[in-house]
Amino acid sequence: MVPNKFPVLEIEGELDRQGEGMFDRMNGIGAHEVIIETPEHKASLANLSEKQVEDVLWAFKNRVLDLRQDRRLRYTVLFKNHGEAAGASLEHTHSQLIALP
């Protein structure tokens, strides 16, 4: 796992939650991480061995469990955008994790 080079949220800071009508307004606090799936630059998740895919899934689980300890964060989403057309800025196979208040 590495921090995202272009994070949509920052882990540091306070939520500063304020009610605004029926909505809450708060600072952009959360986590945005990149999970590198393999050290092999040209590999893809679809071509990894069962053990390697299992390791990736354990990495997902471990990151989610770690971020659950931060009481500010309540929702976590894992996603994969593959290739430039999907918005990926890295060629190396990876997934992303975003944790939100």
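What follows is a short chat about the sheet in this predicted model.

Biologist: What should I know about the model before I start?
Modeller: It is predicted, so to speak of local features needs pLDDT of at least 70, side-chain atom pairs count only at pLDDT 80 or more, and totals for chains, interfaces and linings use all residues. Residues are numbered from 1 along each chain as its sequence is written, and side-chain values use heavy atoms, with hydrogens and water left out.

Biologist: What is the strand order in the open sheet?
Modeller: The four strands run E1-E4-E6-E5 with antiparallel pairing, where strands are DSSP runs (E, at least two residues; helices are H or I, at least four) numbered from the N terminus, and pairing requires at least two DSSP bridges.

Biologist: Which strands are at the edges?
Modeller: Strand E1 (2-3) and strand E5 (75-79), each of which pairs on one side only.

Biologist: And how many bridges join E4 and E6?
Modeller: Six, in the antiparallel sense, with His 32 standing opposite Ile 98 in E6.

Biologist: Is E4 mostly covered or mostly open?
Modeller: E4 is mostly covered, as five of its six residues are buried, meaning under 20% relative accessible area with a 1.4 Å probe, protein chains only (exposed is over 50%, partly exposed in between).
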